[in-house]
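Let's take a walk through this fold together, one piece at a time. Have the structure open and follow along.

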Amino acid sequence: FVLKQQEHADFKRKGADLFVERKISLVEALCGVELELTHLDGRRLFVKTAPGEIIKPMARGFDPLSTDEGTTDWEVIEDSDCPGIENVAQADTTDVDTLKKAIETQLKRKGIDVGVFVVDERRAYFRRAPRLLQELHSRGGAGGEEAAQGLYDDVLPDPDSKKSFRLMKAVKDEGMPTFKNPFVHGNLFLILTIEFPDTLTVENQKKIRSLLPPPLNVPKLKEDDSSVEIHTVTDIDPVASYNANKVNMQGGGEAYDDEEEEGGGGAR
(Lines give C-alpha, C1' and ligand atoms only; values in the text may rest on other atoms or scores of the structure.)
Protein backbone atom coordinates (compact mmCIF):
# COMPACT_ATOMS: atom_id res chain seq x y z
CA PHE A 1 0.00 0.00 0.00
CA VAL A 2 1.14 3.55 -0.73
CA LEU A 3 -0.39 6.09 1.64
CA LYS A 4 -0.62 9.82 1.01
CA GLN A 5 -0.63 12.05 4.05
CA GLN A 6 -3.54 14.47 4.02
CA GLU A 7 -3.00 17.97 5.36
CA HIS A 8 -4.83 18.78 8.59
CA ALA A 9 -6.56 22.11 9.04
CA ASP A 10 -4.99 22.73 12.46
CA PHE A 11 -2.04 20.42 13.02
CA LYS A 12 1.21 19.97 11.12
CA ARG A 13 3.52 17.00 11.65
CA LYS A 14 7.30 16.68 11.58
CA GLY A 15 8.42 13.20 12.56
CA ALA A 16 6.61 12.32 15.78
CA ASP A 17 6.16 15.98 16.74
CA LEU A 18 3.01 17.99 16.09
CA PHE A 19 2.84 21.74 15.55
CA VAL A 20 -0.11 24.08 15.88
CA GLU A 21 -0.15 27.79 15.08
CA ARG A 22 -1.94 30.42 17.15
CA LYS A 23 -2.00 34.19 17.32
CA ILE A 24 -1.77 35.77 20.74
CA SER A 25 -1.89 39.36 21.94
CA LEU A 26 0.92 41.28 23.58
CA VAL A 27 -0.86 41.14 26.93
CA GLU A 28 -1.04 37.33 26.64
CA ALA A 29 2.68 37.17 25.81
CA LEU A 30 3.55 39.24 28.88
CA CYS A 31 0.90 38.16 31.37
CA GLY A 32 0.12 34.58 30.42
CA VAL A 33 -1.92 32.78 27.79
CA GLU A 34 -4.66 30.13 27.97
CA LEU A 35 -5.57 28.13 24.88
CA GLU A 36 -8.16 25.52 24.00
CA LEU A 37 -7.09 22.74 21.64
CA THR A 38 -9.00 19.76 20.30
CA HIS A 39 -6.51 16.96 19.69
CA LEU A 40 -6.59 14.57 16.72
CA ASP A 41 -8.28 11.89 18.84
CA GLY A 42 -11.00 14.30 20.00
CA ARG A 43 -9.56 15.05 23.46
CA ARG A 44 -9.97 18.66 24.56
CA LEU A 45 -6.83 20.23 25.98
CA PHE A 46 -6.60 23.31 28.18
CA VAL A 47 -3.10 24.67 27.59
CA LYS A 48 -1.60 27.51 29.63
CA THR A 49 1.71 29.10 30.50
CA ALA A 50 3.19 28.91 33.98
CA PRO A 51 2.63 31.90 36.32
CA GLY A 52 5.13 34.66 35.65
CA GLU A 53 6.29 33.10 32.36
CA ILE A 54 6.81 35.37 29.33
CA ILE A 55 6.48 34.33 25.70
CA LYS A 56 9.13 35.80 23.44
CA PRO A 57 8.98 36.11 19.63
CA MET A 58 10.50 33.20 17.73
CA ALA A 59 14.12 33.61 16.68
CA ARG A 60 14.47 35.31 13.31
CA GLY A 61 15.21 32.90 10.47
CA PHE A 62 14.30 29.79 12.48
CA ASP A 63 11.64 27.60 10.85
CA PRO A 64 10.74 24.68 13.13
CA LEU A 65 8.84 22.96 10.31
CA SER A 66 11.72 23.07 7.85
CA THR A 67 12.77 19.63 6.63
CA ASP A 68 15.94 21.01 5.03
CA GLU A 69 18.78 20.53 7.47
CA GLY A 70 20.90 22.74 5.24
CA THR A 71 24.65 22.65 4.78
CA THR A 72 26.94 22.17 7.72
CA ASP A 73 28.59 25.31 9.04
CA TRP A 74 32.33 25.04 9.71
CA GLU A 75 34.61 27.25 11.76
CA VAL A 76 38.07 27.85 10.30
CA ILE A 77 41.10 28.05 12.60
CA GLU A 78 44.31 29.01 10.82
CA ASP A 79 47.72 27.47 11.54
CA SER A 80 46.42 25.02 14.14
CA ASP A 81 46.51 21.29 14.68
CA CYS A 82 45.91 18.71 17.41
CA PRO A 83 48.26 15.86 16.57
CA GLY A 84 47.17 13.89 19.64
CA ILE A 85 43.76 13.16 18.08
CA GLU A 86 43.75 10.15 15.78
CA ASN A 87 42.91 10.40 12.07
CA VAL A 88 39.92 8.36 10.88
CA ALA A 89 40.47 8.99 7.16
CA GLN A 90 42.53 11.05 4.75
CA ALA A 91 42.20 12.42 1.21
CA ASP A 92 44.78 13.40 -1.42
CA THR A 93 43.16 16.74 -2.13
CA THR A 94 43.16 20.14 -0.51
CA ASP A 95 39.97 21.41 -2.14
CA VAL A 96 37.80 22.39 0.81
CA ASP A 97 34.45 22.05 -1.01
CA THR A 98 35.37 18.54 -2.16
CA LEU A 99 36.35 17.59 1.38
CA LYS A 100 33.10 18.90 2.83
CA LYS A 101 31.10 16.96 0.24
CA ALA A 102 33.02 13.78 1.09
CA ILE A 103 32.14 14.23 4.75
CA GLU A 104 28.43 14.55 3.98
CA THR A 105 28.35 11.60 1.56
CA GLN A 106 31.10 8.96 1.52
CA LEU A 107 32.23 9.19 5.14
CA LYS A 108 28.73 9.56 6.54
CA ARG A 109 27.60 6.42 4.65
CA LYS A 110 30.46 4.54 6.30
CA GLY A 111 29.31 5.68 9.73
CA ILE A 112 32.27 8.04 10.21
CA ASP A 113 31.14 11.21 11.97
CA VAL A 114 33.80 13.79 11.24
CA GLY A 115 34.15 16.72 13.60
CA VAL A 116 37.21 18.32 12.02
CA PHE A 117 39.46 18.04 9.00
CA VAL A 118 43.00 19.38 8.81
CA VAL A 119 44.48 20.52 5.50
CA ASP A 120 48.17 20.89 4.69
CA GLU A 121 49.92 21.58 1.37
CA ARG A 122 49.27 18.09 -0.08
CA ARG A 123 46.36 16.32 1.60
CA ALA A 124 43.62 16.45 4.23
CA TYR A 125 43.11 14.44 7.42
CA PHE A 126 39.67 13.74 8.90
CA ARG A 127 39.23 13.37 12.64
CA ARG A 128 36.32 12.24 14.75
CA ALA A 129 36.24 15.08 17.26
CA PRO A 130 32.88 16.86 17.71
CA ARG A 131 34.24 19.14 20.41
CA LEU A 132 37.73 19.68 18.98
CA LEU A 133 37.25 23.41 19.18
CA GLN A 134 37.60 23.24 22.96
CA GLU A 135 40.68 21.06 22.51
CA LEU A 136 42.27 23.63 20.23
CA HIS A 137 41.57 26.44 22.66
CA SER A 138 42.99 24.45 25.57
CA ARG A 139 46.17 23.89 23.54
CA GLY A 140 46.61 27.55 22.79
CA GLY A 141 44.31 27.99 19.80
CA ALA A 142 45.36 29.59 16.57
CA GLY A 143 48.91 30.86 16.83
CA GLY A 144 49.48 29.03 20.15
CA GLU A 145 52.60 27.14 21.15
CA GLU A 146 51.45 23.93 19.50
CA ALA A 147 50.13 25.56 16.32
CA ALA A 148 51.47 24.05 13.11
CA GLN A 149 52.42 26.51 10.36
CA GLY A 150 50.78 25.87 6.99
CA LEU A 151 47.83 23.97 8.48
CA TYR A 152 44.29 25.03 9.10
CA ASP A 153 41.33 23.32 10.67
CA ASP A 154 37.70 23.32 9.66
CA VAL A 155 35.88 22.59 12.90
CA LEU A 156 32.22 21.88 13.51
CA PRO A 157 30.79 24.51 15.88
CA ASP A 158 29.17 23.42 19.10
CA PRO A 159 25.80 21.97 17.98
CA ASP A 160 24.16 23.28 21.14
CA SER A 161 25.47 26.84 20.75
CA LYS A 162 22.11 28.04 19.37
CA LYS A 163 19.94 25.73 21.40
CA SER A 164 18.46 28.54 23.49
CA PHE A 165 17.29 30.33 20.33
CA ARG A 166 15.40 27.22 19.19
CA LEU A 167 13.39 26.69 22.37
CA MET A 168 9.63 26.78 21.85
CA LYS A 169 6.59 26.42 24.07
CA ALA A 170 5.34 22.84 23.88
CA VAL A 171 3.07 20.31 25.53
CA LYS A 172 5.23 17.34 26.43
CA ASP A 173 4.30 13.89 25.08
CA GLU A 174 1.22 15.14 23.19
CA GLY A 175 2.63 14.51 19.73
CA MET A 176 2.21 11.41 17.56
CA PRO A 177 3.11 7.91 18.79
CA THR A 178 6.46 6.72 17.45
CA PHE A 179 6.58 3.95 14.85
CA LYS A 180 8.62 1.38 16.78
CA ASN A 181 7.15 2.13 20.21
CA PRO A 182 3.57 3.46 20.24
CA PHE A 183 3.85 4.15 23.96
CA VAL A 184 6.50 6.81 23.27
CA HIS A 185 5.11 10.03 21.85
CA GLY A 186 6.54 13.15 20.33
CA ASN A 187 5.72 16.62 21.62
CA LEU A 188 3.08 19.18 20.66
CA PHE A 189 4.77 22.50 19.81
CA LEU A 190 3.00 25.84 19.79
CA ILE A 191 3.97 28.29 17.04
CA LEU A 192 2.83 31.51 18.68
CA THR A 193 2.70 34.77 16.73
CA ILE A 194 2.45 37.84 18.92
CA GLU A 195 0.16 40.57 17.60
CA PHE A 196 1.20 44.01 18.80
CA PRO A 197 -1.29 46.87 19.15
CA ASP A 198 -1.13 49.50 16.42
CA THR A 199 -0.94 52.40 18.88
CA LEU A 200 -1.05 53.20 22.58
CA THR A 201 -2.02 56.39 24.32
CA VAL A 202 0.81 58.34 25.92
CA GLU A 203 -0.79 57.77 29.31
CA ASN A 204 -0.84 53.98 28.85
CA GLN A 205 2.74 54.01 27.57
CA LYS A 206 3.84 55.73 30.78
CA LYS A 207 1.98 53.14 32.88
CA ILE A 208 3.56 50.24 31.01
CA ARG A 209 7.01 51.82 31.22
CA SER A 210 6.68 52.01 35.00
CA LEU A 211 5.96 48.26 35.20
CA LEU A 212 8.66 46.98 32.86
CA PRO A 213 12.46 46.83 33.25
CA PRO A 214 14.34 50.04 32.31
CA PRO A 215 15.04 50.77 28.63
CA LEU A 216 18.29 49.57 27.08
CA ASN A 217 18.80 52.76 25.06
CA VAL A 218 19.14 55.98 27.05
CA PRO A 219 20.56 58.75 24.82
CA LYS A 220 22.75 61.43 26.32
CA LEU A 221 21.42 63.99 23.85
CA LYS A 222 18.62 66.30 24.96
CA GLU A 223 15.67 67.23 22.78
CA ASP A 224 15.85 70.87 23.85
CA ASP A 225 19.46 71.14 22.62
CA SER A 226 19.44 73.52 19.65
CA SER A 227 22.36 71.65 18.02
CA VAL A 228 20.42 68.37 17.92
CA GLU A 229 18.12 67.31 15.05
CA ILE A 230 14.90 65.65 16.16
CA HIS A 231 13.47 62.90 13.93
CA THR A 232 10.42 60.72 14.46
CA VAL A 233 10.48 57.34 12.73
CA THR A 234 7.72 56.30 10.35
CA ASP A 235 6.71 53.10 8.54
CA ILE A 236 8.38 52.67 5.12
CA ASP A 237 8.48 49.61 2.87
CA PRO A 238 12.20 48.96 2.06
CA VAL A 239 11.31 47.15 -1.19
CA ALA A 240 9.21 50.08 -2.38
CA SER A 241 11.98 52.48 -1.30
CA TYR A 242 14.60 50.56 -3.28
CA ASN A 243 12.41 50.44 -6.39
CA ALA A 244 11.56 54.13 -6.14
CA ASN A 245 15.22 55.14 -6.08
CA LYS A 246 16.50 52.51 -8.53
CA VAL A 247 16.17 54.79 -11.56
CA ASN A 248 18.22 57.53 -9.93
CA MET A 249 20.92 55.02 -9.00
CA GLN A 250 21.48 53.81 -12.59
CA GLY A 251 23.60 56.61 -14.00
CA GLY A 252 26.17 54.39 -15.71
CA GLY A 253 26.13 51.85 -12.89
CA GLU A 254 25.72 52.03 -9.15
CA ALA A 255 27.28 55.37 -8.26
CA TYR A 256 28.14 54.41 -4.70
CA ASP A 257 29.69 51.13 -5.78
CA ASP A 258 31.80 52.88 -8.44
CA GLU A 259 33.12 55.41 -5.94
CA GLU A 260 34.13 52.73 -3.48
CA GLU A 261 35.86 50.65 -6.17
CA GLU A 262 37.76 53.69 -7.48
CA GLY A 263 38.71 54.84 -4.00
CA GLY A 264 36.59 57.93 -4.26
CA GLY A 265 35.89 60.16 -1.33
CA GLY A 266 32.12 60.03 -1.47
CA ALA A 267 29.79 59.49 1.43
CA ARG A 268 30.26 56.19 3.25
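**From a hairpin to the core**

Strands E1 and E2 form a hairpin with 2 residues between them, and Gly15 in that turn has a positive phi of about 65°. Bear in mind as you look that this is a predicted model. E1 covers residues 11-14 and E2 covers residues 17-25; the two pair in the antiparallel sense over 4 bridges. To find your bearings across the pair, look for Phe11, which stands opposite Val20 in E2.

Now turn to the interior. In soluble globular proteins, nonpolar side chains tend to be buried together. Here, the largest nonpolar core has 15 residues, and those with the most contacts inside this core are Ile24, Leu37, Leu188 and Leu190. At least two residues of this core come from each of E2, strand E3 (34-38), strand E4 (44-48) and strand E11 (188-195). E11 gives the largest share, 4 residues.

Leaving aside residues up to four places away in sequence, Leu190 touches Val20, Leu35, Leu37, Val47, Met168, Lys169 and Ala170. There is also a second, separate core of 10 residues, which includes Ile112, Val114, Phe117 and Val119.

Let's finish with a charged residue. The side chain of Arg127 has a partner to look for: a polar contact of 2.6 Å joins it to the side chain of Asn87.

Terms used:
Residues numbered from 1 in each chain as written. Predicted model: local features only at pLDDT ≥ 70, side-chain atom pairs only at ≥ 80, totals over all residues. Heavy atoms only, no water. Pairing = 2+ DSSP bridges. Core = buried A, V, L, I, M, F, W, Y, C linked by side-chain atoms within 4.5 Å. Buried < 20%, exposed > 50% of the residue type's maximum accessible area, 1.4 Å probe, protein only. Contact = heavy atoms within 4.5 Å. Polar contact = N/O pair within 3.5 Å; in protein donor to acceptor, adjacent residues only side chain to side chain.
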